[in-house]
2 protein chains.
Amino acid sequence: MKIRIDIRRKEGLSDPEGVTTQRALQNLGYDGVTATHFGRTIYLEMEGDDTGAATAEVEAMCRQLLANPVIEDFQIEVVG
Amino acid sequence: MKIRIDIRRKEGLSDPEGVTTQRALQNLGYDGVTATHFGRTIYLEMEGDDTGAATAEVEAMCRQLLANPVIEDFQIEVVG
C-alpha cells in the first residue's frame, strides 16, 4: 500500500522559505505569483491491505516522529 | 488560482533522509513500513484564470528556480 503524507506549517506561522522564494520569483519577472508556501511530503510503502488501520498507524508515526504537531498540520492519503 | 508543485528526487537516486527515517520508524516498532521517500511541495497562488498558461509559466519557474531538473522530477497541478 502506498501512502502520501503532506506536511505544512500551520496557517499564520511565518514561512521564510516561501517569502524568499516569492521575492526571487518576482525578481525573475514572475509578477503573477501572489503567495508562495513550502511544504514537505513523505511517501511510505506499507505491508497489508487495511487502509483504516494503516492510516491510524501513519497518524501515530506523524505525531511521534514525522511531523511536528505544534507547528505543522499533516494530511494522510492512501494513493495506491 | 492555486497551484501545487510536487518535487521528488528521480528514481534510483539515493535518498538519505528517507533511509534514515525508515530506520527510525523501524526502531520505533513500525515494522510494516517497507520504503520511505521524501519530497517537497510548493504551493503558489497566482493571478489569472488561464490554467494552461499558468501551468506553462510554473513549469518555467521550476526549471529556472524551484526545482533541480538534473536530479528532481516535478509535477504541477491546479488545485483551486
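## How chains A and B meet

Strand β2 of chain A (residues 33-46) pairs with β2(B) in the antiparallel sense, over 13 bridges. Within that pairing, Gly39(A) has Thr41(B) as its bridge partner in β2(B). Do keep in mind that this is a predicted model. Here is a short tour of the interface.

**Extent of the interface**

- The contact involves 31 residues of chain B and 31 residues of chain A.
- Between them, chain B and chain A bury about 2,900 Å², and 59% of this lies on carbon and sulfur atoms.
- On the chain B side, the residues that lose the most area to chain A are Tyr30(B), Tyr43(B) and Glu45(B), which together account for 21% of what that side buries.

**Polar and charged links**

- Two salt bridges are found across the interface of chain B and chain A.
- Arg4(B) forms a salt bridge with Asp6(A), and their closest N and O atoms are 3.7 Å apart.
- There are also 13 residue pairs in polar contact across the interface of chain B and chain A, with both residues at pLDDT 80 or more.

**What chain B brings to the contact**

- Four elements of chain B each supply at least two residues of the side that touches chain A: β1 (2-9), α1 (16-27), β2 (33-46) and α2 (51-66).
- The largest share of that side comes from β2(B), with 14 residues.
- Sorted by class, the side of chain B that touches chain A has 15 nonpolar residues, eight polar ones and eight charged ones.

Methods
Residues numbered from 1 in each chain as written. Chains lettered and ligands numbered in written order. Predicted model: local features only at pLDDT ≥ 70, side-chain atom pairs only at ≥ 80, totals over all residues. Heavy atoms only, no water. Contact = heavy atoms within 4.5 Å. Buried area = accessible area lost by both parts, 1.4 Å probe. Salt bridge = Lys/Arg side-chain N within 4 Å of Asp/Glu carboxyl O. Polar contact = N/O pair within 3.5 Å; in protein donor to acceptor, adjacent residues only side chain to side chain. Nonpolar A, V, L, I, M, F, W, Y, C, P; charged D, E, K, R; others polar. Pairing = 2+ DSSP bridges.
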